Amino acid sequence: MSDVDDAIVARDLTKTFTVARKHAGRFAALRSLFDPVLEKVTVVDRLTMRVARGELVALLGPNGAGKSTSIKMLTGILTPTSGEVYVDGRVPHKDRTTNARSIGAVFGQKTQLWWDLPARQSFALLRDIFDVPSALYDRQIADFDSILELSEFWNTPVRNLSLGQRVRCEMAAAMLHDPPIVFLDEPTIGMDVVVKEQTREFLRAQVQERGRTIVLTTHDMTEVARLCERVLLINHGRLMFDGTLTQLKAEHGGTSHVNVTFVEPVAVVSVPGTRLVSHDGMRAVLAPEGATTSEDVVRALISRFPVANVGVEETNLEDLMRDVYLAQLDAASSATPLA
Amino acid sequence: MTSIAIPDVAKRRPHRSWRLLRVAVLNERAFRIRLVVAPMMLAVQLYLYDRLWTAVFQHTGKAAGLTLKQTLTYSLMALLMGRIRWNARTINVRDSIPIAVREGTIVYWFLRPISPGRFYMWRQSGDVLYGGMWALLGYVVLLTGRVINPPHGVTGAIVFAVSLYLGQVVLYYLGQIVDITMFWMLSNNGLARMYYFVQDLLSGVFVPLPFMPPLMLAIATWLPFSSGVNVPLSLYVGRTPLSHAPGQLALQLFWCLVLAVVTKWLWQRASQRVTVQGG
């Protein structure tokens, strides 16, 4: 597949910053000012990924993993130190102004709306900046309003909007010029569940009905589970995983647990294709292994033991991600540090 | 999945970005009290300067080669010219480079189909036009009240208008250079305040340059600041004869070109080092 067919292509994308380390001891501030110790820090390290058109992918990773830096290279804001990147068939940092028409972006708490003006006026200014035709602008505004209910507050100055209202306006502002590719860097951070669901519905509609490609970074695993079929997991600037949530669970032990309570104490609990997690006579927890499903385990338990109650508990995605991050942290700490 | 045909967005070219000019007025309208404070502040400044220079000239007919009326014309018009870029002095304006860099919203400047420099130009031009409106109003009032001299004929008016425009371009570029330093400094409040003090002092806003001691006058003449206020006002009040106008205008044009090149170079450098604090 060529680099134009996919919405996003990155090959060995690397970003290294030069940072000044402070001196220690007497006159440290003065010495740091005139004789700084410069150090190279690799924030994104040979990132290779592809995102197809019309896909909604989650770019996940712990704080400082390199997610935002990756997004900034994909949007053309940052110039990569090395590697290749194509977004909508273009090298984004080489042709920022043309690239701007192909992409939209929301960066968490950073607003692109004019703070003292009503959101509606910000939309109108963005329409002029992007030269959005009137018919398209009207359609977009009506479309966004139908899901995000913007008209309830778009005549209020942005500084007076609640966080949820402002983020909904940010979403609309990012897609007003009808970009085929949208980058959302922690857009729903700090929002309540109702507004989160509203924005999820909006994003789903943008992908399913408008065919947009969306790259989402978030720490909200519920959001990932409800929106994204595919996840890209990066840590220490490296791509650690690229696949579906199901694959992630399978590869990192994210299985379900079967909790069983017996009518009377059972001395030995043994079910083929399972691992016994815990057992205290009246209760036991079993983890299916290999091709065994939780339904298989439930059936086996009921047929073999005097079962009073049985339930299946899916591994929490938050816990799974925590385990993945911690496992990678351990692996990284034992490996050579980044340059 | 029901996808729609994605429009060829890259083919559309921005030709309406000039409408960003209106942000200046929209911002002012959002704080209507400013519409009252702006003329009040201007009136107080003009009145105090009028009293000050009248007192200075109480016992003398001429100072630094200027009569009282010439000095009043120079000083009061210098205040009005300072008003032109009042809102464009972007120390605390939210969509200015200093605040945008500090808050990280500068990323959006690089995600638009117009360059950050073009966006800056339209925003500044809007502020300058708005400030210019107040300055023009003040000028008409002062002229009508015969507090200041009129220009020396039609030629004088045209020469002054051209010189005023070039002076504003010089000040625009100088202010822009100070703003762009934010990409390296991340906080340039101190630099900006110092710069604007020096600019006002050496351009002739605080005191007409002819009143400066010879060394300072020489320094001011060799720096671009005097092109902003002193050159057009010296032509207006007649301290610089109109026969010297071509040379003065050429000097202003020279500074415009030099500063334009420096600014363009700085933007290219700055755009290579956009860093955004906090992810």
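Does His236(A) count as buried or exposed, and how many C-beta neighbours inside 10 Å does His236(A) have?

**Entry 1: conventions and His236(A)**

I note at the outset that this is a predicted model, in which local features need pLDDT of at least 70 and side-chain atom pairs count only at pLDDT 80 or more, while totals for chains, interfaces and linings use all residues. Residues are numbered from 1 along each chain as its sequence is written, and chains are lettered from A and ligands numbered from 1 in the order in which they are written.

His236(A) counts as buried because 21 C-beta neighbours lie inside 10 Å; the term buried takes 20 or more other C-beta atoms within 10 Å of a residue's own, exposed takes 12 or fewer, and partly exposed is in between, with C-beta atoms placed from the backbone. I looked up His236(A) for its phi, which is near 50°, a positive value in a residue other than glycine. His236(A) sits in the loop between β8 (230-235) and β9 (238-244) of chain A, where helices (H or I, at least four residues) and strands (E, at least two) are DSSP runs numbered from the N terminus.

**Entry 2: Arg146(B), for comparison**

I then turned to Arg146(B), whose phi is near 55° and is likewise a positive value in a residue other than glycine. Arg146(B) is found in the loop between α5 and α6 of chain B, and Arg146(B) is exposed, with 9 other C-beta atoms within 10 Å.

**Entry 3: the two chains**

For chain A I recorded 11 helices and 13 strands, and a box of roughly 75 × 60 × 45 Å filled by the C-alpha atoms along the principal axes. Of the 339 residues in chain A, 41% are buried.

For chain B I recorded 12 helices and two strands, in the order α-α-β-β-α-α-α-α-α-α-α-α-α-α from the N terminus on. The C-alpha atoms of chain B fill a box of roughly 85 × 40 × 35 Å, again taken along the principal axes. Of the 279 residues of chain B, 39% count as buried, and among contacts between residues at least 6 apart in sequence, 78% join residues at least 24 apart.

**Entry 4: where the chains touch**

The contact between the chains takes 39 residues from chain A and 37 residues from chain B. On the side of chain B that touches chain A, the largest share, four residues, comes from helix α1 (residues 23-30) of chain B. That side of chain B divides into 19 nonpolar, 10 polar and eight charged residues, where Ala, Val, Leu, Ile, Met, Phe, Trp, Tyr, Cys and Pro count as nonpolar, Asp, Glu, Lys and Arg as charged, and the others, Gly among them, as polar.

**Entry 5: two helix pairs**

I followed α1(B) to helix α5 (residues 116-144) of chain B, against which α1(B) packs at an angle of about 60°, with the axes 7 Å apart; axes are lines fitted to C-alpha atoms, for helices over the stretch in contact, and angles run from 0 to 180 degrees between N-to-C directions. α1(B) and α5(B) are therefore oblique to each other, given that angles under 35 degrees count as roughly parallel, over 145 as roughly antiparallel, 65 to 115 as roughly perpendicular and the rest as oblique. Val23(B), Ala24(B), Val25(B) and Glu28(B) in α1(B) meet residues of α5(B) including Arg123(B), Asp127(B) and Tyr130(B).

In chain A, the axes of helix α6 (residues 163-175) and helix α7 (residues 193-208) come within 10 Å and cross at roughly 10°, so α6(A) and α7(A) are roughly parallel to each other. By class, this contact of α6(A) with α7(A) has five nonpolar, three polar and one charged residues.

**Entry 6: helix α8 of chain B**

Which residues of α8(B) are buried? In α8(B) (residues 189-203), the buried residues are Ala192(B), Gln199(B), Leu202(B) and Ser203(B). They lie on the same side of α8(B) because they cover an arc of only 115° around the axis, the arc being that of the directions from the helix axis to the C-beta atoms. On the other side of α8(B), Gly190(B), Arg193(B), Met194(B) and Phe197(B) are exposed. Gly204(B), with a positive phi near 105°, follows α8(B).

Methods:
Two residues are in contact if their C-beta atoms, placed from the backbone, lie within 7 Å. The expected span of a helix is 1.5 Å times one less than its number of residues.
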